[in-house]
Structure formats: structure tokens, C-alpha cells
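Please walk through the model below, starting at the surface and ending at the salt bridges.

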Amino acid sequence: MGTRQHGDDALCGMQVYEVERDFYYKKDKYWGRELNEGGFKNALCRFFDNGYGLRVNVICKVIKKLEELRRIIEKQSCYRFYSCL
């Protein structure tokens with residue numbers, strides 16, 4: 001039961017363009033599932049780095065969106081999160 005949010009050919013995982021090297025750094029969802037806390041932190045740093053440094057402006061926008069999501073969730077009297085493996 002349920003719906004699929006992507007097609008069979010969708011790329012899931014992480015892809016970062018490194019400007020200086022003109023290169024796409026790619027990792028799949030299976031790599032992401034194996035990350036521990038330290039690895040996750042490093043992956044976030046890698047994701048927000050374009051090869052010249054951290055994209056602080058983008059990080060600030062993501063933090064703002066996460067704070068908005070948190071405020072919405074806090075207002076709910078009940079909620080459920082669904083996922084599958």
C-alpha cells in the first residue's frame with residue numbers, strides 16, 4: 001500500500017558539483033544509509049561545498065526551512081511519519 005514518490009530510474013542519493021574541478025561528486029542512497037554521526041556531518045559539509053568553500057547563503061536558507069518545519073510540527077496535536085526500507 002502507499003504511493004511511490006519517484007520513478008524507477010530516479011537518482012537517489014547525493015550529487016555535488018565541484019566548480020573548480022568541473023566534476024560531479026556522486027554517492028548513492030546505500031552509501032548514505034551506512035553513515036554514522038561523524039560521516040553524516042562530513043557528508044553535509046561536502047554537500048554544501050562547491051569546491052571554493054561552504055555555501056553559507058544556502059546553509060542559512062536550509063536552516064530557515066528546517067526551523068519553519070519544526071514550528072509547524074510543534075503546533076500539531078498528533079502526527080505520524082511513514083517510511084519504508
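**Surface, pocket and charge pairs**

In this predicted model, Y52 sits in the loop that joins α2 (37-47) to α3 (56-75). Its relative accessibility is 58%, so Y52 counts as exposed. Together with Y17, V19 and Y24, Y52 makes a nonpolar surface patch of about 410 Å².

The largest pocket holds about 160 Å³ of space. Two or more lining residues come from each of β1 (13-18), α1 (29-33) and α2. The largest share belongs to α2, with four residues. Among the lining residues are G13, M14, W31, L35, F40 and F47. By class, the lining divides into seven nonpolar, two polar and two charged residues.

Turn now to the charged side chains. Side chains of opposite charge can pair when their charged atoms come close. The count here is three salt bridges. Which residues are linked in a network of salt bridges? They are E18, R21 and R46. E18 meets R21 with N to O at 2.9 Å, and the closest N and O atoms of R46 and E18 are 2.8 Å apart.

The salt bridge of K41 with E37 has an N to O distance of 3.4 Å. Both residues lie in helix α2, four residues apart, which is about one turn of the helix. K41 is partly exposed at 48%, and E37 is exposed at 58%.

Conventions
Residues numbered from 1 in each chain as written. Predicted model: local features only at pLDDT ≥ 70, side-chain atom pairs only at ≥ 80, totals over all residues. Heavy atoms only, no water. Patch = residues over 30% accessible without salt bridge, like charges linked within 9 Å, V, L, I, M, F, W, Y side chains within 5 Å. Areas by Shrake-Rupley, 256 points an atom, 1.4 Å probe, with all protein chains shown as cover. Salt bridge = Lys/Arg side-chain N within 4 Å of Asp/Glu carboxyl O. Buried < 20%, exposed > 50% of the residue type's maximum accessible area, 1.4 Å probe, protein only. 1 Å grid on protein atoms, 1.4 Å probe; cavity = no way out; pocket = protein on both sides within 12 Å on 5 of 7 lines; lining within 4 Å. Points joined across faces, edges and corners; volume = space filled by probe spheres on them. Nonpolar A, V, L, I, M, F, W, Y, C, P; charged D, E, K, R; others polar.
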